[in-house]
Amino acid sequence: METLAAIALFANAVFNAVVWPRFYPRIANDTRAGEPGARTAFYRVHVVLITIALVFAAASLVIGVLLLI
């Protein structure tokens, strides 16, 4: 059962690490994001969401490795 959980965590880590960062260029270039130096709440919220997803990816990877040890 631990192996299955580790595989699920690795899949989650890969998904978050591959999918979420690809949204950043779209968000940064969106007209609702404002200009560099004067970013809007739209930009900041999406950057926070991407950051949280990457933190979850790292945590999933670490926990998955710990399950296999």
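User: How many helices and strands are there in the protein?

Analyst: The predicted model has 3 helices and 2 strands, where helices (H or I, at least four residues) and strands (E, at least two) are DSSP runs numbered from the N terminus. The order from the N terminus is α-α-β-β-α.

User: What is the radius of gyration of the protein?

Analyst: The radius of gyration, taken over C-alpha atoms, is 16 Å, well over the 11 Å that the globule rule gives for 69 residues, so the protein is more spread out than a compact globule. That rule is 2.2 Å times the number of residues to the power 0.38. The C-alpha trace spans about 50 × 15 × 10 Å along its principal axes.

User: At what angle do H1 and H3 pack?

Analyst: Helix H1 (residues 2–19) packs against helix H3 (residues 41–68) at about 155 degrees, and their axes lie 8 Å apart. Axes are lines fitted to C-alpha atoms, for helices over the stretch in contact, with angles from 0 to 180 degrees between N-to-C directions. H1 and H3 are therefore roughly antiparallel (over 145 degrees).

User: Which residues of H1 make the contact?

Analyst: Among them are Leu9, Phe10 and Ala13 of H1, with Phe56, Leu61 and Ile63 among those of H3; contact means heavy atoms within 4.5 Å.

User: Which conventions apply to numbering and atoms?

Analyst: Residues are numbered from 1 along each chain as its sequence is written, and side-chain values use heavy atoms, leaving out hydrogens and water. As this is a predicted model, local features need pLDDT of at least 70 and side-chain atom pairs count only at pLDDT 80 or more, while totals for chains, interfaces and linings use all residues.

Conventions:
Angles under 35 degrees count as roughly parallel, over 145 as roughly antiparallel, 65 to 115 as roughly perpendicular and the rest as oblique.
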